[in-house]
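Here are my notes on the model you sent. Please read them with the structure open.

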Protein chains: 2
Amino acid sequence: MLPNGQSLPIPPIILAELGNDPKKPTVCFYGHLDVQPARQEDGWLTDPYTLTEVDGKLYGRGATDNKGPVLAWINAVSTFRSLEEDLPVNIKFVIEGMEEAGSVGLEELVRKEKDQFFSSVDYIVISDNLWLSQRKPALTYGTRGNSYFRVEVRCRDQDFHSGTFGGILSEPMADLVALLGSLIDSSGHILIPGIYDQVAPLTEEERKMYEAIDLDLEEYRKSVQVKRFLFDTKEEILMHLWRYPSLSIHGIEGAFDEPGAKTVIPGQVIGKFSIRLVPHMNTSVVEKQVKQHLEYIFSKRNSSNQMAVSMTLGLQPWIANIKDKQYLAAKRAIKTVFGTEPDMIRDGSTIPIARIFQDTIQKSVMMLPLGTVDDGEHSQNEKINRWNYIEGSKLFAAFFLEMAKLHY
Amino acid sequence: MLPNGQSLPIPPIILAELGNDPKKPTVCFYGHLDVQPARQEDGWLTDPYTLTEVDGKLYGRGATDNKGPVLAWINAVSTFRSLEEDLPVNIKFVIEGMEEAGSVGLEELVRKEKDQFFSSVDYIVISDNLWLSQRKPALTYGTRGNSYFRVEVRCRDQDFHSGTFGGILSEPMADLVALLGSLIDSSGHILIPGIYDQVAPLTEEERKMYEAIDLDLEEYRKSVQVKRFLFDTKEEILMHLWRYPSLSIHGIEGAFDEPGAKTVIPGQVIGKFSIRLVPHMNTSVVEKQVKQHLEYIFSKRNSSNQMAVSMTLGLQPWIANIKDKQYLAAKRAIKTVFGTEPDMIRDGSTIPIARIFQDTIQKSVMMLPLGTVDDGEHSQNEKINRWNYIEGSKLFAAFFLEMAKLHY
């Protein structure tokens, strides 16, 4: 359904397979062909819809997100056929066209095909995110979830004039600001009781993974134009992006949000905030904790307004077992192609499809990114490096070979 | 200057005078002829620009704000002339056409004409607000001032993605919510140190005036659709609207303010709030107190963001000496015409012109409203009651007579 009321069919999701040898493992690749909008006048230096190479970089909308990786996978598969070699693994593809709009229809299809198309799948590979650096490959084994909340405080439908009513009302904005202010302290610590209870304890093994990651914190800080982060070390920064929850206040609906001055007391306002969830937090537990906390804070104010809290989006975090065979196979393939160990990384954002595959098909899910941190996905002048595209094609082929060796 | 860049001249301010007998007092009447916008499709039951009488009510844009009172004053003056009687007072008029746009150009004119046109003025009468009730006349002797603030918290120009950055930043919204939350408590008490220091102490005489005022609190509460006020008695409500400062948070610019969900960490946000000032608060003192307070709260957070506070509007409160002769004359005139004592009221809003006249011309200023609380100024179906319009014309005439008796 478009904003103008026109209804369009969802583009079909492509399911494909190649080989069904019961002695070989079956690897299912997920990718998407839809892209974010792009117009040359947004600041593109080349036509966003004509792939253009400049200095070894392939510029174009979707180059890295996600057409490049989809093509690299196809390259890897077709190389075996060109060489008239047997494919070492059975291949399945899931290619969708609604990822940038929230993968509408995908979860339904996965559930429906669970015991048909997906019944023979052993491993799922997603190649839809980026390395952490410009040169060192990465393997992604987790993403944060997200619980998005709205908290509404209502006095009456209409606004008030602050001259005529200021001083005698429990003003909804004062209530809302107090509610939002009760969520987090200035060190980034979430103040909702119990919120950290289900966060997985940090193991020594995991701690070492953060140490091994290639990240120049000072360079990163400068590149994102931030004066100072909340933490001083690489390890703390990565852990607070990946393995600890975070809470962000996004804004307020219904208040005065324009430039200039308006002497209004908003009659009803809605605060928006969200919590990024990490293993083993659960959206329904978090929903209950947030509601209880805000109800307690609100009750202490003895306000005459009405408050309503709701979770408008609840997406579980995802984490893989990095001891699964496909992670080992990918590490070996990376070593072969790039001559290095990968950064073992997570993504602070939410990529619901990983968790959906893992929960529904109950098989190992891995993210095997090809692009680099500066590829500019969703941004102007999106690109994939020619080098990453070619080495990435090799990586997928090497991965098939390693996978076949490990799977017995 | 219009939003489209077109520049229009300010409509002329009309200065007029009638009589200059040095033995008579000179009363200067201020009114305005410009109006708020009105379109029939906004919900008007009659053409807003054709005065239409329905059930004793004269409907039309400007009927009560402020054309009706201007005409009533002219009626009063012309009655003496029709009766071929001597006007008991010298009359001056100041009629402007920019009141609804902030009286652009008026202050400059008053200053310029201080020693010319205004040099002989003894009293200034403004008839540009309303009674507190539907039946009981009122005299207005004060208005609150207003200090409007913007507080900006900045990390960087661009916004952040809450997945990619949530957990490692001092988020501007968290800082801003804490700053705004430090301003006022849930009982409406302003928490800025020293803010109440200059508030005039309540005298026994003043307290009695609140008791005498005709206000059915329960009826008022229902009419404005508020579940409960912060205070339970008529006296407390009136005092918190008129003689105590209030602080209202208006909104936030730069954050996510639309319906729906957006996982953004705003890069810079601007909070807007204002304080209604009462005698003997002063905008420059308040500005200093607010800045000191917010700087202290911000420094305690140890945030890496930058904060900037500024007062974008500073309007002083106004209060008259109700023992001035013209207040006594007006009370007597009200007794003559309406057979009752007036409610002695203030206005919680800010009407800068009263203070400007008082400060510049240094003469007594009085507000003598004619319309009733339900006249709907600035709203759809604005009206003035036929009865108020006619009795109001009589009131002005009676006021001239009383004024002449008292002034010697």
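Which strands of chain B does helix H8 (residues 283-301) lie across? Point 2 has the answer.

1. **Basis.** This is a predicted model, in which local features need pLDDT of at least 70 and side-chain atom pairs count only at pLDDT 80 or more, while totals for chains, interfaces and linings use all residues. Residues are numbered from 1 along each chain as its sequence is written, chains are lettered from A and ligands numbered from 1 in the order in which they are written, and side-chain values use heavy atoms, leaving out hydrogens and water.

2. **Helix H8 of chain B.** H8 lies across S8, S12 and S13 of chain B. Its direction is about 160 degrees to that of S13(B). Such angles run from 0 to 180 degrees between N-to-C directions, with axes fitted as lines to C-alpha atoms, for helices over the stretch in contact. Helices (H or I, at least four residues) and strands (E, at least two) are DSSP runs, numbered from the N terminus.

3. **The sheet.** In chain B, four strands make an open antiparallel sheet, ordered S10-S12-S8-S13. Strands S10 (246-253) and S13 (306-315) are the edges, each pairing on one side only. Neighbouring strands are turned by 20 degrees against each other on average, direction ignored. Pairing requires at least two DSSP bridges between two strands. S8 (residues 145-154) and S12 (residues 268-277) of chain B are joined by 10 bridges. B:Ser147 stands opposite B:Ile275 in S12(B).

4. **Helix H2 of chain B.** Which residues of H2 (residues 106-113) are buried? They are B:Leu106, B:Leu109, B:Val110 and B:Glu113. On the face turned away sit the exposed residues B:Glu108 and B:Lys112. Buried means under 20% relative accessible area, exposed over 50%, partly exposed in between (1.4 Å probe, protein chains only). The buried residues pack against S1 (14-18), S2 (26-32), S5 (90-96) and H10 (352-361) of chain B.

5. **A:Ser349.** This residue is in the loop between S15 (343-347) and H10 (352-361) of chain A. A:Ser349 is buried, at 11% relative accessible area. Leaving out residues up to four places away in sequence, A:Ser349 touches A:Thr143, A:Arg144, A:Arg276, B:His161, B:Gly163 and B:Thr164. Contact means heavy atoms within 4.5 Å.

6. **Symmetry.** Chain B superposes on chain A by a rotation of 180 degrees with 0.1 Å of shift along the axis (RMSD 0.1 Å). The two copies are thus related as by a two-fold rotation axis.

Note on methods. Least-squares fit on C-alpha atoms with pLDDT ≥ 70 in both.
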